[in-house]
Structure formats: structure tokens, C-alpha cells
Amino acid sequence: MEKEDLKFIIFLNIGFSLFEIVGGFLTGSIAISSYAIHDFFNALSIALSSFLNKISLNEPDKKYTFGYKRFTLLGTIFTSGILFTCAVLILFYVVLKFFNPIRLNVIGMIIFALIGIIINGYAMIQMSKEVNKDEKKVNWSIVCDVMGWVLLLILALVIKITNIFLLDLIVSLFIALFIGGRSIRQIIKGVDVIMNATPTDFDLDEIKLEISRLPFILDILDIHVWSIDEQENYLLLKVKVSKNVTRKNYSHLKKQIEEKIGVYRVHHSNIEIEYEESSSN
């Protein structure tokens, strides 16, 4: 897919989300307004992520010796923080409406839900030809949006048949909890990476055990593992080896250690080997 097409779909979703927010207020449906807010910031997050991804491709320099890959996390944390705030405000508004419910324009809800399915369905078809990671992310997001609007259409039809307007508030409550929960998880993941937490797919105890079983390894003195952008892992390792290790054994041992850590998507490693006799000095 051409970059211009991707930009068009992103801004189409941002514009449509704003339209849906207005639609939610016109119909009185908090569920539509809540989901439209989710759609808006989701599209904004993808747009921001696409922009920051370009920056992340810059080569390391004197200021950022590890490169710019973490710039993508800034957009995730920023938009997730805003989404969490919106979720709290939605919850507060839902609670108020439980005590002061309003009549809904159900026909308007059905119309807006249908428009949502059509717009997002068109975007989903266009994104079905995705070829890279960013476009796959957009495509999955749009598929979820289509499913969401289908559920909102079903909600509107059920309300039309049963005349139970309280269902809109109940669905709004679940949407707010979903947005809030997802936002917190994204914020925690982003902060973990920035704070150099051990990557979730890296079993530190297992790798230490595997390395300690290698010949000539006496002790693991130090090990540090972190991720730059949830994709590339970095490792610093210091081990103590037997004084009987020859130069040939040394090279072979280092290669064995690199093979052990290679399964954990380690992009860069620094392995320091200390001989047994040096610890006695």
C-alpha cells in the first residue's frame, strides 16, 4: 500500500471519529460517544506512531548512542495517558446518567452505527493488502473498529425492540472499563521499557541456568537485560571461568554463550569473561 493511502485512511478515521462524537451527543448515546472517543485516539495513536517510527529509523549519534527507537514509546504513553483520562471522565458521566437517564434517538444510533461499519469496512478492505508491520497494526485496529460498530448496531436494534435505554449506559460502562484497562497496560509496558525492565519474553533464570551449565563456567557475576523498543533486546554479561580455559576454549565458550542468548532476540550483547585466578587478587 502507498504511504499516501495509509495517510488517507488514518485521517479518514480521525475525521470520522470526530463526526461520531458529535453523533453520540446528537443521539444521546453515551456508548457511541465513548467508542468514538476510543476510535479517535486510536487513530491519533497510529498517526503519531507512524510519524515517530520515521524518527526511530535515524542512526545513533553522539546524543542518542542507542539510537532513536524509543521515540515510538513516547507516542504510546502519551495517547494512552489521554485515553485513560477519557475513560475516567466517561465513567463519571455514566454514573451521573444512571441517576438522570435521558431518552435516546435510537434511529439516529442505528444510522451512525451503519455509517461506522461502512467507513471502517472500506478502510479494512483497503488495508487488507498490508505489507509491513505498521500497516498490519492499522489493519488489526480497523478490524476491531468494525466489530465494535457492529456490536453498537446490535445494541441500537435491541434498544429499539425492548425500549430499555439503560442498556446504553451498561455498554458505555464496559467500553470505559475496556479503554481504561487497555490504556493502563500500554502505559505500564511503555514505562517498563523506558525503565530498562527485563523483557517479558526473556526468562532470566532459565538463561542463567543454561549458561552456568556450559563447560568452564564457574559463576555468573553479573547480567543485565533490557529492551530498546520491545523488539530488540540488549544484554550485558560477566562470567567467571576456570583458569584452565585456553585461547581456543575462550573463543568456543563465547560462541556457545552467544548461541544460548540468541534465541531471546538479543540484538546486541557484551560478554565479559573473568578468569578464576583474577578473583583472588
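The legends below accompany close-up views of a predicted model.

**View 1. Helix α6 and the residue that follows the helix.** Helix α6 covers residues 166-194, a run of 29 residues, and spans 42 Å from its first C-alpha to its last, which is close to the 42 Å expected at 1.5 Å a residue. The buried residues of α6 are Asp168, Leu169, Ser172, Ile175, Ala176, Ile179, Gly180, Ser183, Gly190 and Val193. In an α-helix there are 3.6 residues a turn, so residues three or four places apart point the same way. After α6 comes asparagine 196, with a positive phi near 60°.

**View 2. The pair of phenylalanine 19 and phenylalanine 112.** The count of aromatic pairs in the model comes to 11. In the pair of phenylalanine 19 and phenylalanine 112, the ring centres are 5.3 Å apart and the planes stand at 45°, so this pair is tilted. Because phenylalanine 19 belongs to helix α1 (residues 3-27) and phenylalanine 112 to helix α4 (residues 106-126), the pair ties together parts that are 93 residues apart in sequence. Phenylalanine 19 counts as partly exposed, at 40% relative accessibility, whereas phenylalanine 112 is buried, with a relative accessible area of 12%.

View 3. Tyrosine 35 and tryptophan 149 form an edge-to-face aromatic pair, with 5.4 Å from centre to centre and 85° between the planes. Tyrosine 35 lies in helix α2 (residues 30-56) and tryptophan 149 in helix α5 (residues 133-162), so the pair ties together parts that are 114 residues apart in sequence. Both tyrosine 35 and tryptophan 149 are buried. One aromatic cluster is formed by Phe16, Phe19, Tyr35, Phe112 and Trp149.

**View 4. The contact of helices α2 and α3.** The axes of α2 and helix α3 (residues 71-99) come within 8 Å and cross at roughly 170°; since angles over 145 degrees count as roughly antiparallel, α2 is roughly antiparallel to α3. The residues of this contact divide into 14 nonpolar, 8 polar and 1 charged. Those contributed by α2 include Ile30, Ile37, His38, Phe41, Leu48 and Leu52, and those contributed by α3 include Phe71, Phe78, Ile82, Leu83, Ile90, Tyr93 and Lys97.

View 5. Asparagine 233 lies in strand β2 (residues 233-241) and is buried, with a relative accessible area of 1%. Leaving aside neighbours within four places in sequence, asparagine 233 is in contact with Pro199, Asp201, Phe202, Trp226, Ser227, Tyr264, Arg265, Val266, His267 and His268. Leucine 235 lies in strand β2 and is buried, with a relative accessible area of 1%. Not counting residues up to four places away in sequence, leucine 235 touches Phe202, Ile223, His224, Val225, Ile261, Val266, His268, Ser269 and Asn270. Leucine 235 and valine 95 are 49 Å apart in space, C-alpha to C-alpha, and 140 residues apart in sequence.

**View 6. Positive phi values in two loops.** Most residues other than glycine have a negative phi. Asparagine 163, found in the loop between α5 and α6, has a positive phi near 65° and is partly exposed, with a relative accessible area of 43%. Phenylalanine 216, found in the loop between α7 (204-212) and β1 (217-227), has a positive phi near 80° and is partly exposed, with a relative accessible area of 34%.

Terms used:
Residues are numbered from 1 along each chain as its sequence is written. This is a predicted model: local features need pLDDT of at least 70, side-chain atom pairs count only at pLDDT 80 or more; totals for chains, interfaces and linings use all residues. Side-chain values use heavy atoms; hydrogens and water are left out. Helices (H or I, at least four residues) and strands (E, at least two) are DSSP runs, numbered from the N terminus. The expected span of a helix is 1.5 Å times one less than its number of residues. Buried means under 20% relative accessible area, exposed over 50%, partly exposed in between (1.4 Å probe, protein chains only). Rings of Phe, Tyr and Trp (its six-membered ring) pair if their centres lie within 6.5 Å; planes under 30 degrees apart count as stacked, over 60 as edge-to-face and the rest as tilted. Axes are lines fitted to C-alpha atoms, for helices over the stretch in contact, and angles run from 0 to 180 degrees between N-to-C directions. Angles under 35 degrees count as roughly parallel, over 145 as roughly antiparallel, 65 to 115 as roughly perpendicular and the rest as oblique. Contact means heavy atoms within 4.5 Å. Ala, Val, Leu, Ile, Met, Phe, Trp, Tyr, Cys and Pro count as nonpolar, Asp, Glu, Lys and Arg as charged, and the others, Gly among them, as polar.
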